[in-house]
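Hi,

Here is the structure I said I'd pass on. Have a look, and then read on for what turned up.

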Amino acid sequence: MTAADPDKTPPDSPEFSRHPDLEWRETVRGSRPGDRFVRVARHRDFKRLRPGLLVPRPGVGEPRSGLGKILTSVRRAVIGSPLTTAQELEERTGKIKGLAIFATDNISSSAYATEEMMRMLALAGVAALSLTLPLTLAVISVLAVVIISDLVVIRTYPSGGGSYAVASDNLGMLAGLTAAAALLTDYVLTVAVSISAAVAAITSAFPLLHDQRVEIALVVIAFMTILNLRGIRESGSVFAAPIYLYLATILGLLAYGSFLALTGGLPKYQAPAENLAGWGTEPLALLLVLRAFASGSVALTGVEAVSNGVPAFKPPEVRNAQITLITMGVLFATIFLGISFISSQAGMVPDPTESETVLSQVARLLVGAGWYYYLVQFATALLLAFAANTAFNGFPRLAGILAGDRFLPRTFQFRGERLAFTTGIISLSLVSGLLIILFKGSVTSLIPLYTIGVFIAFTMSQAGLVRRWWRLRESEKGWRWRIIINGLGVSVTSVVTVIVAVSKFFLGAWMVLVLMPVLILMMWQIRRHYQQLESITRPETPLAPDKIHPRVVVPIANLGIPARQAVAFAAAISSDADVVGVHVTDDAVTAEGLREQWEAAYPRIPLVIIESPYRSLSGPFLSYLDALMETHPDDTMVVVLPELVPSHWWENLLHNQTALRLKTALLYHPGVIVASVPYHLAQQAEMEASS
């Protein structure tokens with residue numbers, strides 16, 4: 001068995017054309033006179049795995065035009081060479097890279113969670129900042145409950161989906177969609193907040209860049225998009241360095257600062273006058289404390305990403321995901337507590353203008369404005385920017401699962417050349433970029449929209465697990481302690497959800513609470529559309545071949561080669577009596593000349609000329625088609641369009657694209673089949689050149 005040589009055995013030979021596997025027999029002469037033998041040959045572009053199953057060989061289908069080759073080269077340079085589906089396991093990640101991919105959002109929030117709490121407390125005056133440390137411990141307690149509960153989610157639902165899968169399976173479709181809408185919203189805000197916070201870290205060190213923070217943020221989003229389109233393994237390799245650089249620098253800084261604070265050697269902090277003047281505008285009421293707690297609870301975002309992305313881990317997936325989740329929680333709690341402890345001990349006051357972050361003030365206090373300070377700021381900015389990668393992995397995966405359940409367009413299931421969920425990645429980047437533009441890259445303005453979604457998802461997930469253990473109580477060992485863990489989880493997260501919703505409602509949380517029902521309704525309607533599509537039983541055209549009687553209409557402008565090709569094809573699929581040419585014109589004299597040519601070329605095929613006094617083409621033609629369908633209700637209407645395909649893209653501007661306009665209009669005409677007969681100018685030019 002050999003690969004066929006198309007020059008030796010033409011593809012239009014009878015043996016070739018009759019075999020759908022692109023296989024034929026050819027006679028080969030032997031080395032001695034009269035020796036001949038028959039061998040099976042196959043087309044060189046395809047590999048035959050078994051009868052009826054072909055695989056294209058590498059490189060098949062690549063563009064052949066100059067522009068196409070250039071665009072392909074650029075795409076390869078930007079996102080890399082294509083990966084086969086069989087390479088998916090190689091694209092999975094281990095624990096070290098998994099921490100970089102799925103934990104950056106949660107760990108990076110330690111850079112601004114303390115500051116956001118302090119900003120709320122400072123509204124009641126500098127003295128209220130003494131509550132920073134107690135609120136930090138409260139947030140860490142909630143985090144511990146959520147992580148313990150999520151460990152159960154990972155073990156119980158190893159196929160991913162997180163809160164959406166748990167809620168859908170145990171509480172029903174509406175609960176699942178609520179969790180999904182909450183998570184999708186939270187992922188979008190994760191990108192907007194993380195990148196805005198990263199830019200804030202940069203502008204804290206370089207204040208001259210403050211006015212360009214939106215433009216810088218958009219550039220970072222574009223970079224993140226390209227990096228994620230290259231695939232999870234490659235993006236994980238890039239993101240591993242920033243998170244470990246941040247961990248090394250910030251843990252070193254906090255260890256040094258904690259040592260100084262505990263030994264009484266902490267440098268004296270002097271708050272800038274403008275910082276002191278910007279606070280103390282509200283009384284220290286319970287609602288304000290709850291708002292501060294809600295702002296600090298932003299630290300819990302990103303926890304969900306690990307349970308959503310369990311299938312992205314290498315085997316054993318569950319164990320690797322659980323270890324990553326625990327490691328993430330411990331690292332975050334250590335950094336969050338350390339920043340809150342040092343800032344409280346020093347008596348720091350947040351900058352009301354957001355020109356300098358609290359973490360920047362901590363670093364300046366401990367190490368001055370030397371190289372280590374800039375290293376901390378650089379590592380923080382890098383991690384905060386790359387923290388958005390958690391959402392770039394979580395959002396597309398969740399969207400793909402929703403698309404598989406028919407709640408989102410099927411295109412979200414599509415995995416691009418690098419096995420990445422292309423549509424989800426691009427959609428996330430566009431929406432988050434729009435948010436940054438609308439809120440001018442302000443972390444404080446975006447934070448009120450944040451957190452509410454993730455706590456709604458947590459609550460739905462924990463409630464779903466409580467329902468699951470109760471349902472399986474007779475068959476599941478250890479259901480009692482599991483229901484206690486998840487019961488505690490749903491109690492804590494539901495309380496926090498209410499606190500966040502109430503305390504931040506007028507600060508912007510209302511937008512998320514309004515958006516979520518809209519998303520739920522949208523997903524519900526998408527599901528209804530797909531269900532309607534699956535329930536179709538009545539065809540527009542007959543299903544039995546012997547019931548189809550094609551009546552073919554060929555719209556023509558002249559009798560050039562493209563038009564004659566179309567007429568020949570029409571005559572081949574139907575009898576001459578059932579084919580009609582249609583010419584729409586506003587020039588009766590020219591039209592009669594065309595009729596004479598037509599009758600000479602096609603004496604048995606009628607030509608209908610339609611005068612268009614208002615010089616319209618589509619309207620008169622479509623009206624004639626409708627009338628023809630009314631007078632021949634039992635026929636299947638087929639429109640054969642002659643279509644000119646120029647050699648170069650710019651040549652399209654030289655033509656009026658009549659065929660394209662008619663195709664678009666006919667798409668919405670029920671019961672009409674449209675066939676396009678193209679004429680490629682490039683191929684004609686090649687044939688003329690070769691001759």
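In which crossing, left-handed or right-handed, does H8 pass H19? Before the answer, some housekeeping: this is a predicted model, where local features need pLDDT of at least 70 and side-chain atom pairs count only at pLDDT 80 or more, while totals for chains, interfaces and linings use all residues. Residues are numbered from 1 along each chain as its sequence is written, and side-chain values use heavy atoms, with hydrogens and water left out.

The crossing is left-handed, meaning the near helix is turned anticlockwise from the far one by less than a right angle. Helices here are DSSP runs (H or I, at least four residues), numbered from the N terminus. H8 covers residues 173-205 and H19 residues 452-471; they pack at about 150 degrees with axes 7 Å apart (axes are lines fitted to C-alpha atoms over the stretch in contact, and angles run from 0 to 180 degrees between N-to-C directions). The two are therefore roughly antiparallel, the word for angles over 145 degrees.

On the H8 side, the contact (heavy atoms within 4.5 Å) includes Ala175, Leu183 and Asp186, and on the H19 side Gly453, Val454 and Met460.

There's also one cavity of 30 Å³ or more, a cavity being a set of points on a 1 Å grid over the protein atoms alone where a 1.4 Å probe fits but cannot get out. The largest cavity holds about 150 Å³, a volume being the space filled by probe spheres set on the points, which are joined across faces, edges and corners. Among the residues closest to its centre are Tyr112, Glu115 and Thr357.

Cheers

How values were computed: Angles under 35 degrees count as roughly parallel, over 145 as roughly antiparallel, 65 to 115 as roughly perpendicular and the rest as oblique. On a 1 Å grid over the protein atoms alone, a cavity is a set of points where a 1.4 Å probe fits but cannot get out, and a pocket is an open set with protein on both sides within 12 Å along at least five of seven lines; lining residues have an atom within 4 Å of a point.
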